[in-house]
Amino acid sequence: MILVGIASGGLLVGLVLSWRGFDHAGLVWTAATLAVLVSLLVQIFGALRRGDVGLDIVAALSMSAAIAFGEPLAGNVVGLMYAGGQLLEAFAEGRARREMTALMGRVSHSAMRYTASGLEEIAISQIGPGDRLLIRQGEVIPVDGVVSGEAATLDMAALTGEPLPQRVTQGAEALSGATCVGAPFDLVASRIAAESTYARIVHLVEAAQASRAPMVRLADRFAMGFLLLTIAMASGAWYLTGDPIRALAVLVVATPCPLILAVPVAIISGMSRAAKNGVLVKNGGMLETLARVQTAILDKTGTLTHGQADVIDIRTTSGFSAEDVLTAAAGLDQASGHVVAAALVRAAIDRGLRLSKPEAVKETPGTGIEGRVDAKTVVVGGSSFVRRISGCDDPRSLATPATLTSLTVAVAIDGKLAGIIVLRDQIRADARSMLDALREAGIRKIVLASGDRAEIARAVGAELGMDAVLGELTPEGKVAAVRAEARNGTVMMVGDGVNDAPALAAADIGVAMGARGTASSSEAAGVVLLVDELGPLAKAIAIARRSRRIALQSVSAGLALSIAAMVAAAFGYLQPVEGAFLQEVIDVAVILNALRALR
């Protein structure tokens with residue numbers, strides 16, 4: 001801003017002096033040019049120390065040549081155009097970063113915590129798991145937690161892009177970064193602030209803003225070639241015509257080049273736009289990779305399904321009812337921490353069944369559990385385990401073709417086979433539409449990669465129309481699948497669990513489902529979805545492709561126009577002052593085109 005003021009002030013004062021017939025106009029223009037030139041040389045020196053060679057050198061050469069060749073007005077105009085271009089670029093980047101920066105501006109600094117003596121205001125760094133907090137209307141939730149008491153009405157726009165307030169019921173999780181837009185409510189903290197969703201998002205945003213895209217580095221290499229071309233054309237024009245003013249005109253119209261403006265603005269605009277849609281891209285390189293994705297490998301559990309098993313059927317033997325089987329199994333499973341046990345307990349509670357306290361419990365991890373419930377001996381687990389421990393009939397006799405594609409839990413009571421409970425991780429209602437959106441975004445092949453039994457994976461794959469299905473995969477198996485698909489093009493891996501982290505890191509680009517997911521998956525991924533849905537990912541891919549296309553368009557058009565102007569200047573059709581104004585028009589057009597990536 002200061003340099004723009006000096007350059008524009010010098011230009012105006014010089015013009016007034018020239019109009020009034022004074023001889024000092026040239027000195028004023030020279031002084032204004034030197035002020036901009038000194039600042040530019042400091043920037044160039046710093047860049048050279050970092051190993052960066054850019055087209056700022058052309059601007060310095062053109063201003064220096066203008067002073068040396070007795071064209072102070074042209075030098076002043078170049079100085080004004082350069083300073084104005086830098087100001088315009090700063091404005092464009094600031095505009096492009098707005099959504100990402102807005103995320104960082106919402107971090108809470110204090111919270112109201114309940115104590116034995118009442119409420120106290122504390123710094124969020126003092127909040128620990130289990131602390132009960134009062135979230136007042138208009139406040140941003142400082143840490144992840146569980147809603148206690150009355151339901152909460154939250155504005156989730158900063159996290160998900162969803163414009164409408166969401167109602168979060170008692171016992172449901174509320175994420176940090178959301179804003180209370182309804183009545184005050186109590187929140188029981190489940191994580192410390194540093195490990196909560198919003199803190200991790202801010203950390204990812206900071207890293208994204210500090211990054212440079214490969215395309216930007218590629219632009220720097222183009223800039224070196226363009227610098228040599230500019231010097232060659234300027235030198236050739238001077239040598240062939242003997243007119244140094246033509247060389248000056250060539251330098252002027254090459255200052256500055258759209259390469260150093262268009263690419264960063266377009267890439268940052270794309271990242272900003274993706275963030276507004278609930279997709280956090282960690283850096284510009286990841287955005288470019290996202291634009292080139294051809295194959296998507298999706299984990300099943302938690303990605304295409306809800307990630308928790310639900311009871312869908314209970315098959316019983318003679319003398320036992322479905323309620324008998326579920327009550328006994330859920331009663332015993334109260335002593336287990338297994339996810340399937342939790343599903344059975346949840347199903348029993350939802351049905352209003354009374355569960356008794358289990359006794360003499362003995363669990364074999366990953367296989368089954370035995371004990372006593374209501375004075376009855378109960379065995380719950382896999383078919384082989386239940387048959388071996390209880391001596392009952394083979395539970396597989398109750399199987400049907402439908403149970404082959406589902407998880408089954410066998411139950412024996414007092415040595416007799418009581419029944420089997422059929423569970424299934426239900427496919428998301430919007431899974432098919434999400435996959436269609438990925439295909440519309442340009443994904444050519446979609447592969448299902450699951451650690452579940454092959455039969456279950458194939459059933460899900462067939463229902464969703466997958467191009468390929470891989471089941472019973474270990475974490476190493478998922479990595480191998482990623483590497484196999486990488487032979488055919490850029491691969492994107494989408495997952496949400498600890499076992500997905502190696503594959504996320506091995507893929508060209510990894511996508512973690514939900515910033516509140518496991519830390520390992522979010523750290524290994526290059527893209528984090530702020531909601532557990534694939535819909536925003538499809539939008540982000542489309543945004544990435546469009547941003548990359550706009551960047552290339554801006555560079556191509558800007559270079560073509562600059563080279564055409566350089567040729568005109570070399571043949572004497574453009575004077576230095578005219579060339580400076582023309583180049584600024586080109587720069588403004590290039591930046592405005594790059595900002596289209598925000599739309």
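Predicted model: local features only at pLDDT ≥ 70, side-chain atom pairs only at ≥ 80, totals over all residues.
1. **Strand S11 and its partners.** S11 and S20 pair in the parallel sense, over four bridges. Within that pairing, Leu298 has Val494 of S20 as its bridge partner. S11 also pairs with strand S18 (residues 445–449), again in the parallel sense, here over five bridges. In this second pairing, Ile297 stands opposite Val447 of S18.

2. **How S11 is enclosed.** Five of the five residues of S11 are buried, so the strand is largely enclosed by the rest of the structure. In a regular strand, side chains alternate between the two faces of the sheet. For S11 both faces are covered: Thr295, Ile297 and Asp299 are buried on one side, and Ala296 and Leu298 are buried on the other.

3. Asp299 deserves a look in your viewer, as its side chain meets that of Lys478 in a salt bridge, 2.9 Å from N to O. This pair links distant parts of the chain, with Asp299 in strand S11 (residues 295–299) and Lys478 in helix H17 (residues 475–485), 179 residues apart. Both Asp299 and Lys478 are buried.

4. **The largest nonpolar core.** This core has 83 residues, and those touching the most other members are Leu298, Leu435, Leu438, Met492, Leu534 and Leu537. Helix H20 (residues 535–570) gives the most to the core, with eleven residues.

5. **Salt bridges around Arg113.** The model has twelve salt bridges by the rule used here. One of them joins the side chains of Arg113 and Asp131, at 3.1 Å from N to O. Arg113 lies in strand S1 (residues 110–115) and Asp131 in the loop between strand S2 (118–123) and strand S3 (132–135), so the pair ties together parts that are 18 residues apart in sequence. Arg113 and Asp131 are both buried. Together with Glu120, these two residues are linked in a network of salt bridges.

6. **A partly exposed charge pair.** Arg439 and Asp467 also form a salt bridge, with their closest N and O atoms 3.0 Å apart. Here too the pair links distant parts of the chain: Arg439 is in helix H15 (residues 431–440), while Asp467 is in the loop between helix H16 (454–464) and strand S19 (468–470), 28 residues apart. Are these two residues buried or partly exposed? Arg439 has a relative accessible area of 27% and is partly exposed. Asp467 is partly exposed as well, at 42% relative accessibility.

7. **Asp186 in strand S9.** Asp186 sits in S9 (residues 185–189). At 16% relative accessibility it counts as buried, because the cut-off for that class is under 20%. Its side chain makes a polar contact with the side chain of Tyr114, at 2.8 Å. Beyond neighbours within four places in sequence, Asp186 is in contact with Tyr114, Arg132, Leu133, Leu134, Val146, Val147 and Ser148.

8. **Helix H9.** H9 (residues 244–253) is mostly covered, with eight of its ten residues buried. These are Ile245, Ala247, Leu248, Ala249, Val250, Leu251, Val252 and Val253. At the start of H9, a side-chain oxygen of Asp243 reaches to within 3.0 Å of the backbone nitrogen of Ile245.

9. **The aromatic pair.** Finally, the structure holds one aromatic pair. Phe69 and Trp238 form it edge-to-face, with 5.2 Å from centre to centre and 75 degrees between the planes. Phe69 lies in the loop between helix H3 (56–68) and helix H4 (72–96), and Trp238 in helix H8 (residues 214–241), so the pair ties together parts that are 169 residues apart in sequence. Phe69 counts as partly exposed at 28% relative accessibility, and Trp238 counts as partly exposed at 39%.

Conventions
Residues numbered from 1 in each chain as written. Heavy atoms only, no water. Salt bridge = Lys/Arg side-chain N within 4 Å of Asp/Glu carboxyl O. Helix = DSSP H or I, 4+ residues; strand = E, 2+ residues; numbered from the N terminus. Buried < 20%, exposed > 50% of the residue type's maximum accessible area, 1.4 Å probe, protein only. Core = buried A, V, L, I, M, F, W, Y, C linked by side-chain atoms within 4.5 Å. Polar contact = N/O pair within 3.5 Å; in protein donor to acceptor, adjacent residues only side chain to side chain. Contact = heavy atoms within 4.5 Å. Pairing = 2+ DSSP bridges. Phe/Tyr/Trp six-rings, centres within 6.5 Å; stacked < 30°, edge-to-face > 60°.
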